[in-house]
Amino acid sequence: MSPEEDRIPVPERGPEERTDDFDEVPLGYSPEQAMEESERCLECAKSPCIGGCPVEIDIPNFVKAIAEGEFKEALEIIKDTNIIPAITGRVCPQEEQCEEVCVMGNVGDPINIGKLERFVADYARENNLEEVPEIEKNKDFEVAIVGSGPSGVTCAALFAQNGYDVTMFEALHEPGGVLKYGIPEFRLPNEVIDHELEYLDELHVDIRLNRIVGQNIELEELEEDFDAIYVATGAGSPRFLGLEGEDLKGVYSANEFLTRINLMKAYKFPEYDTPITDMEKVGVIGAGNVAMDAARCAIRMGADSHILYRRTTEWSPARDEEIEHAKQEGVTFDTLCNPKRIIGDKDGWVKGIELFECELEEPDDSGRPSPKVLEDTEHKKDFDTVVIAIGQEPNKVFYENAPGVEVKEWGGIIIDDENRMTTKEGVFAGGDAVSGAATVILAMGDGRKAAQNIMNYLEG
Amino acid sequence: MHEIVEKERLNEEMTRIEVKAPLVADKIKPGQFIVIRMHEKGERIPLTFYKKDEDKGTIQMIFQKMGKSTHELDTYEEGDEILDVVGPMGTAAEIEEYGTVVCIGGGVGTPEVFPVAKALRNVGNEVIVISGFRTEDLVVCENELDKDCANELYITTDDGTYGREGFTTDVLEELIDQGTDIDLIHAVGPPIMMKVIAGITEEHDIPTRVSLNSIMLDATGMCGSCRVEIDGEMKLACVDGPEFDAHKVNFEELMERITMFEEQEEEALENWKEEHEGCCG
Ligand SMILES: Cc1cc2nc3c(=O)[nH]c(=O)nc-3n(C[C@H](O)[C@H](O)[C@H](O)COP(=O)(O)OP(=O)(O)OC[C@H]3O[C@@H](n4cnc5c(N)ncnc54)[C@H](O)[C@@H]3O)c2cc1C
Ligand SMILES: Cc1cc2nc3c(=O)[nH]c(=O)nc-3n(C[C@H](O)[C@H](O)[C@H](O)COP(=O)(O)OP(=O)(O)OC[C@H]3O[C@@H](n4cnc5c(N)ncnc54)[C@H](O)[C@@H]3O)c2cc1C
Ligand code: SF4
Ligand code: SF4
Ligand code: FES
């Protein structure tokens, strides 16, 4: 019997229904659907899928366990290397990682590894399948983690699982990093994040919120109290374009726009106190995942939402699934255009953007065709809200106040490739703070590698 | 959770609270601020630190009722708890021996200059304080300023009901005209006041620093909501400031940007008043 070429489709809420709220879009597999999808796996001897996963989950074995209906076993296999599968199953760019190299992809659709991973985690959560072993704190070392995004969380969990005392410092009032303040609930519900993070509580990780290292607690103080420090402060500082009109009212960085809506729940204003301005027509400059999230939030805020991008959609760095969802929900893609300035009215509010037309030329360093601005093609488009989503840089509060920790010109923390230590003894770093804006799973991979290296360092 | 250990309504508009926050009390310095979030649904609002007591582990702030959040905060009583208190935030005021320093506070800016003026006096400066209010009933901190930090104290009211009639800037101009040798000016108050001061002192070449009250969200340097233009460059008031060289600030931009959420703020306050009408008066 030849395996089925097509994937078992994932049920999703329709665009009309879902754009009225911030609830999740894909509904996930039922146990029967998950088992059926799992049966498509060839259990390849070489299993290239494992190498495609930055944390090397034993994919064929967990998929096999699902096929056999052994969901708890599947969970244990995944959790062996990935402590937040409900999150990665939702937000990993699987099509470029595990699924890209899946052998089934040669004859049909690759196995839907991400959605299976999500299924296992969701099923385990809903049916209380997880057991957290009581771990004896038997190590004499104390470790501090700075930043509670996916990188810090992964590192913290590994230390706790290995019997270390772990204390995590987080600048904001909630843990989770970008998962909480950036990625909207319709892609990653808070309930899911909170559950995954409860695991840290159960492992007795001491999470100290509202503590900004370099601002209200110094690195030196941490060095006195801890034997090693892992810095995973992310890339949270917004980039602006330096355009005329960026200071107008109604212009947001993507971080501000998303933080107001997601972390502070401005979409429920005035029930929640944090406001966001009324919007009818929103222009989002940029076309990555962050831009898609902002554009899809704007739709849910009741606005006409536009992506403004200088290349064509096929060259967008966003995931195909995100672009597809954005299109279904009514986001308009205005491509091959580059902003010249933001136009304001006499009261200081945004009223539009002046744009150049672009054409695509020879590929640039990123391998994508470079956009060329065409002279004398200026044209205006009306917008009452503009969101700038052209990327983030490492947040400087940490490194500007961390004497001895050196950074690259753009702010990325310098580490030793071998042992992952910064230029300061005993201080290690990883995630977006080192790599610049990347992905959840790469940040987690860094957290794992750092934990291993720090343990070696401590145990000598 | 942070308990309010003392609360005092100073007048119709301003209230002083003393809050338990030992970690903050340990470290906070004049010119720095804190961010509070009252409850799960609350926004993050910045308030400048006014006084502290390290032994008790408390900090004090004076706030003015503006919109919904500060009205609600005013309903909190002794024993009530604030969910989050984050700080110290921002950079501390530079405290050195300059010679003669004029500290100017406008309205609720006065309690914000108090700790700075006091620290400046403690290191040996001659400190002149000019403090302005709309009317007599709103005057605060006079005794503290007089007792703890001002070599000379001038109170002004817009309507002349107390102290001198007029604005803080009128007194400043008088001092300059009299030939007072001023080495530094530290001013906190409404942007328009700071702008006028910057204009006067630029003409006379007097170094002047101001504390900017742009709209903040996270106050950790992550969102850009508080961005201000300093010397043609974008800076974040929450982490690069709030204190800046007055002569380099683009005040027009600041004054525009702080009105960005006016419509929503009005709606929130009206809603809140409707719900609380009669219950808390
Ligand atoms: C809107 C958006 C959508 C995205 N979508 C996807 C996606 O679909 N798939 C994907 O794989 N990736 C996505 N990414 C990227 C991904 O979220 C990041 O690569 C990942 O979160 C990086 O993890 P991290 O742990 O390094 O840092 P972060 O998640 O940024 O966490 C850093 C944490 O450190 C805290 N911190 C910073 N400075 C300090 C300090 N001085 N002291 C204490 N704490 C501090 C911050 O508050 C934050 O909580 C997206 C990013 C954004 C912004
Ligand atoms: C660094 C700093 C220190 C401050 N210190 C004090 C202080 O010691 N005492 C005091 O009474 N006030 C202080 N403020 C101002 C105070 O934060 C605002 O009055 C408060 O946030 C208003 O909230 P609201 O809901 O009551 O009013 P809103 O209805 O939200 O707004 C009323 C006014 O407050 C301003 N405002 C609103 N939200 C914010 C925000 N998140 N950040 C800054 N301004 C905002 C608006 O421009 C508006 O003019 C400070 C502001 C900053 C930036
Ligand atoms: S963590 Fe990401 S890359 Fe790894 S198996 Fe899961 S979805 Fe694939
Ligand atoms: S490569 Fe694909 S088909 Fe082969 S084991 Fe991995 S998931 Fe299964
Ligand atoms: S308040 Fe967000 S960067 Fe300053």
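Modeller: Thr58(B) has 2% relative accessibility, so Thr58(B) counts as buried. Keep in mind that this is a predicted model.

Colleague: Where is Thr58(B) found?

Modeller: In strand β6 of chain B, which covers residues 58–64.

Colleague: Which side chain does Thr58(B) make a polar contact with?

Modeller: The partner is Glu18(B), and the side chains are joined by a polar contact of 2.6 Å.

Colleague: What else does Thr58(B) touch?

Modeller: Leaving out residues up to four places away in sequence, Thr58(B) touches Val5(B), Val19(B), Lys20(B), Ala21(B), Ala25(B), Lys52(B) and Asp53(B), along with Glu18(B).

Colleague: Switching to chain A. At what angle do α2(A) and α4(A) pack?

Modeller: At about 130°, with the axes 8 Å apart. Helix α2 of chain A is residues 31–38, and helix α4 of chain A is residues 59–67. The two are therefore oblique to each other.

Colleague: Is the crossing of α2(A) and α4(A) left-handed or right-handed?

Modeller: The crossing is left-handed.

Colleague: Which residues make the contact?

Modeller: From α2(A), Ala34(A), Met35(A) and Ser38(A); from α4(A), Val63(A), Ile66(A) and Ala67(A).

Colleague: How many of those are nonpolar, polar or charged?

Modeller: In the contact of α2(A) with α4(A), five residues are nonpolar, one is polar and none is charged.

Colleague: On to the backbone. Which peptide bonds are cis?

Modeller: One is from Gly87(B) to Pro88(B), with omega near -5°. Another is from Gly241(B) to Pro242(B), with omega near 10°.

Colleague: Where do Pro88(B) and Pro242(B) sit?

Modeller: Pro88(B) is in strand β8 of chain B, residues 84–89. Pro242(B) is in the loop between β16 (233–236) and β17 (243–245) of chain B.

Colleague: Which residues have a positive phi without being glycine?

Modeller: Asn210(A) has a phi of about 60°, and Arg420(A) has one of about 70°. Neither is a glycine.

Colleague: Where are Asn210(A) and Arg420(A) in chain A?

Modeller: Asn210(A) lies in the loop between β3 (206–208) and α11 (219–225). Arg420(A) is in the loop between α15 (396–400) and β16 (427–429).

Colleague: Are Asn210(A) and Arg420(A) buried or exposed?

Modeller: Asn210(A) counts as buried because its relative accessibility is 10%. Arg420(A) is at 14%, so Arg420(A) counts as buried too. The cut-off for buried is under 20%.

Notes. Residues are numbered from 1 along each chain as its sequence is written. Chains are lettered from A and ligands numbered from 1 in the order in which they are written. This is a predicted model: local features need pLDDT of at least 70, side-chain atom pairs count only at pLDDT 80 or more; totals for chains, interfaces and linings use all residues. Side-chain values use heavy atoms; hydrogens and water are left out. Axes are lines fitted to C-alpha atoms, for helices over the stretch in contact, and angles run from 0 to 180 degrees between N-to-C directions. Helices (H or I, at least four residues) and strands (E, at least two) are DSSP runs, numbered from the N terminus. Angles under 35 degrees count as roughly parallel, over 145 as roughly antiparallel, 65 to 115 as roughly perpendicular and the rest as oblique. A crossing is left-handed if the near helix is turned anticlockwise from the far one by less than a right angle, and right-handed if clockwise. Contact means heavy atoms within 4.5 Å. Ala, Val, Leu, Ile, Met, Phe, Trp, Tyr, Cys and Pro count as nonpolar, Asp, Glu, Lys and Arg as charged, and the others, Gly among them, as polar. Buried means under 20% relative accessible area, exposed over 50%, partly exposed in between (1.4 Å probe, protein chains only). A polar contact is a pair of N or O atoms within 3.5 Å; within protein, one must be able to donate a hydrogen and the other to accept it, and residues adjacent in sequence count only if both atoms are side-chain atoms.
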